[in-house]
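Hello,

Please look through it first; my notes follow below.

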Amino acid sequence: MIAIVFIVLIAVVFAVVGVGGGGAAAAGAVPMWALGLVLAAFVAFFAAGIHVGAALASLALLAGFFMSERPFWNFIGEMIWAPSTNFVLVAVPLFLLMGEVMLRAGLSDRLYRALNVWVGRMPGGLLHTNILSCGVFSAVAGSSVATAATMGSVALPYFEKTRYPPKLVLGSLAAGGALGNLIPPGITFIIYGLITETSVGALYLAAIGPSVLVVLLFTLVIFWYSVRLKLSDLTEQVSPAPGERLRSLADLAPTAVLIGLVLGTIYSGLATPTESAALGVLGSLVLGLVDRKLSLRVLIESMRATARTTSMVALILFGAYFLNYVLSSLGVPQMLAKMLAGLPLPGWAIMLMIIGFYLALGTFMEGMSMVITTIPLLFPVVKALGYDPIWFGVVITMLVEIAMISPPDGTVLYVLQGMRRQPGPITDVFSGVLPFMFVYMLAILILMAAPGIALWLPSVLM
């Protein structure tokens, strides 16, 4: 009912726009007040809780009918067909399937136990294990939600008999889960590369430096809390027996094999991201068989979960392509680029405005939807300001990660809250993740001041 009311309301608004003279807007001549109404409609749809794909498609239909004279309906089929047949996008369900198989085959549990042997004696050791295990798992999962769900299911039972603050436990898992898109092979890079025609391989290389930077900052946050809250007193794990650390490397081997299979084939040029994703799925299935954890039931459950997530992403992508086509035909991206580029401000100030816009948008909008919806509008602005598309792709992905852990609508936060076996309010997750979210923002500022952190590897290896 809410969706119907909003659709009727926005239809009335666009009808008024059309009667008022906005209907025959030529490219680049759309009235600013009409664009304001489009933006208001955009916010209203998402505030009403309408499904993202439906909201984007409905907004495109309304904007097209009331603000354009072009027969865009003749091209809807072609618009949807183009992204649905793109070879690059095949990597998305493949990476998701690989993560699902790893979760259900028990490979992630072996990873967590092995890393805990190495860092468990450090002050706040289990929290460091959360960050490191999420970071390593991200190198094969490609998804923040998959990383948070997988490592959360493994890590939370470890903390039930400890005295670690629940807020800090949940915050570290949320922050570590957010690394799922930033550490290659993140799915956001594939979407960004598709939209902007940027090399996905170059984006993966560019993400390595920022990934290390973010992990180090997260580690510093945990060390600071370790001193402040005396977390070293909570480290009850006995010292590893002689040779135990070396033996634990056997539990790291399956994940290391998958990382080498996926990223090694990409960086060596032997396979495209899509082909490497297929190799990763094959590798996870073989490893599951070797461990005798793979069954027909596990495979069916993994495929069902992958199909659900892929369908959601596809609906969002189709709706966004439709909306982007309508707005482009109205000349909105060109007008926005010209307006922002003409502001009497230095380029870095405009970039800070763009970053602030994404930070605000991330508080109520899902990260993937944010990229698909806004990149076609803002990418021309970024290029006009002289910023490197590869660098901007890394920054956008980091902003998506922040959106995934931003209260009150961060997806990762609700995933972890739903996985808690000990009852507690959602505010535990909100307050626990805030310190990590702020240092993530600090990492973006560092990247603005030192873009070479992201651009050095692509310039050397490509």
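In this predicted model, the axes of helix α8 (residues 144-159) and helix α9 (residues 166-182) come within 7 Å and cross at roughly 150°. α8 is therefore roughly antiparallel to α9 (over 145 degrees between N-to-C directions counts as that). The crossing of α8 past α9 is right-handed. Residues of α8 in the contact (heavy atoms within 4.5 Å) include Met 151, Leu 156 and Phe 159; those of α9 include Leu 170, Leu 173 and Gly 176. By class, this contact has 9 nonpolar, 7 polar and no charged residues, with Gly counted as polar.

Ser 284 is in helix α13 (residues 273-290). Its relative accessibility is 0%, so Ser 284 counts as buried (under 20% relative accessible area, 1.4 Å probe). A polar atom of the Ser 284 side chain lies 2.7 Å from the backbone oxygen of Val 281. Beyond its neighbours within four places in sequence, Ser 284 touches Met 98, Val 101, Met 102 and Leu 258.

Ile 453 belongs to helix α21 (residues 452-461). Ile 453 counts as partly exposed because its relative accessibility is 31% (the class between 20% and 50%). Ser 211 is 242 residues away along the chain, with 9.9 Å between the two C-alpha atoms. Leaving out neighbours within four places in sequence, Ile 453 contacts Ala 206, Gly 209, Pro 210, Leu 213, Ile 446 and Leu 447.

Residues are numbered from 1 along each chain as its sequence is written, and side-chain values use heavy atoms, without hydrogens and water. Local features need pLDDT of at least 70 and side-chain atom pairs count only at pLDDT 80 or more, while totals for chains, interfaces and linings use all residues.

Regards

Terms used
Axes are lines fitted to C-alpha atoms, for helices over the stretch in contact, and angles run from 0 to 180 degrees between N-to-C directions. Helices (H or I, at least four residues) and strands (E, at least two) are DSSP runs, numbered from the N terminus. Angles under 35 degrees count as roughly parallel, over 145 as roughly antiparallel, 65 to 115 as roughly perpendicular and the rest as oblique. A crossing is left-handed if the near helix is turned anticlockwise from the far one by less than a right angle, and right-handed if clockwise. A polar contact is a pair of N or O atoms within 3.5 Å; within protein, one must be able to donate a hydrogen and the other to accept it, and residues adjacent in sequence count only if both atoms are side-chain atoms.
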